[in-house]
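Student: I would like to learn how to read side-chain contacts in a model. Please take me through a case.

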Amino acid sequence: MEPLKFESIYFETLWGGEEWILSPIPGKETTCNGQPLSFYVKELQHRLLGTKVAKIYGNRFPILIKNIKSRQQLSVQVHPNDSIARSKGMHNGKTEMWLVNKCSGDISENRVDEGYQDDADEILVGLSKKISAQHLKTVVYNSVENPDIQTAEESLESLLQRYRAKKGDCFFIPAGTIHSIGAGLDILEIQQASETTYRLYDFNRIDKDGKRRRLDIEDALSCIAPEGEINRGNYSADIINCYANSSAVVTLASCPYFTSTFVDFNRFCRPKCGAENFYHIDNSRYGSFSVIVCIEGSGKLLYNSTSEEYINKGDVLLLPAELGSSDIYSTSNLQLVEVHI
């Protein structure tokens, strides 16, 4: 059994673009050696997924990983939880996390479209105060119907928690949480394998066909307030910064759908004897596959005792569960995110 290195797919969007770096979504699957992810899942089954994952998901690959590159602010939106998604005939909902890799000030070229400078580097997650579901519904409909876009935007966004994003910030977004991403950000997104997004508000933008994009107000509101009351998760955001302390290994998110870990090899303390530091992965303990996303530098993966695989910035490696344990070493300023179920 060997690691699988996948090729990403890039999609242009109205607000910027998305690089899908590991995707099981039909019609949008990433490939390895010319074969889609579903081919490997079908051929290898639990050998790839792991006993725990196969028991839960069968032959479905459970996560989707993207790089989001925003030139404009994304719509104000929400995703369904598992229960709501299944009631609509879908396999699962969409809980996700974001890791901010770059902000508009971190790169030389201007990546913020005209008119969106005020939204640069801003993240909106959850509500700024406790309100009733009816109050939120009234504000949303009034904002959509208001021809004055600036006033409409300010009315809705005044209810949301606003954060000025910094490199290394990680936001955990449970399903049912209202959110939006501002302009000028590069974000690694790890999520349940779902494309379902319900838009509450979209700034009256016009698409390539000259039409306003579809809004899903009632579906979105049902996700935010499934029992007639707004989800508790909408009152706060779970945020950490992976550079805020000296730890080389930082847990970014841990939930039933995925566990993600940031590893900065520059922060490992090297013993006086000069022994090389490494990050150990034990898929047999997880009962799951692992995914390695290289976000900076380069390194090598040692597996099956003597086999090696080199990794560089932008590479995505899927480590099948049957691979067992493996070790990753840095060759030059390596930073990565490791994901498993």
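Student: Does Arg 214 count as buried or exposed, and at what relative accessibility?

Tutor: Buried means under 20% relative accessible area, exposed means over 50%, and partly exposed is in between (1.4 Å probe, protein chains only). Arg 214 has 53% relative accessibility, so this residue counts as exposed. Before going on, note that this is a predicted model, where local features need pLDDT of at least 70, side-chain atom pairs count only at pLDDT 80 or more, and totals for chains, interfaces and linings use all residues. Residues are numbered from 1 along each chain as its sequence is written, and side-chain values use heavy atoms, with hydrogens and water left out.

Student: Which residue does Arg 214 meet in a salt bridge?

Tutor: A salt bridge is a side-chain nitrogen of Lys or Arg within 4 Å of a carboxyl oxygen of Asp or Glu. Arg 214 meets Asp 216 in this way, at 2.5 Å from N to O. Asp 216 counts as buried, at 9% relative accessibility.

Student: How many salt bridges does the structure hold?

Tutor: The count is 22 salt bridges. One of them joins Arg 162 and Glu 122, at 3.1 Å from N to O. Arg 162 lies in strand E10 (residues 160-164) and Glu 122 in strand E9 (residues 122-127), so the pair ties together parts that are 40 residues apart in sequence. Strands (E, at least two residues) and helices (H or I, at least four) are DSSP runs, numbered from the N terminus. Arg 162 is partly exposed at 43%, while Glu 122 is buried at 7%.

Student: Which residues are linked in a network of salt bridges?

Tutor: Lys 5, Glu 309 and Asp 315 are linked in such a network.

Student: How many aromatic pairs are there?

Tutor: Rings of Phe, Tyr and Trp (its six-membered ring) pair if their centres lie within 6.5 Å; planes under 30 degrees apart count as stacked, over 60 as edge-to-face and the rest as tilted. By this rule there are 10 aromatic pairs. In one of them, the rings of Phe 6 and Tyr 40 have centres 6.2 Å apart and planes at 75°, so the pair is edge-to-face. Phe 6 is buried, at 7%, and Tyr 40 is buried as well, at 10%.

Student: Which residues form one aromatic cluster with Phe 6?

Tutor: Phe 39 and Tyr 40 form one cluster with Phe 6.

Student: What sits over the ring of Phe 11?

Tutor: A charge sits over a ring if NZ of Lys or CZ of Arg is within 6 Å of the ring centre and within 35 degrees of the ring normal. Over Phe 11 sits the charged end of Lys 28, 5.4 Å from the ring centre.
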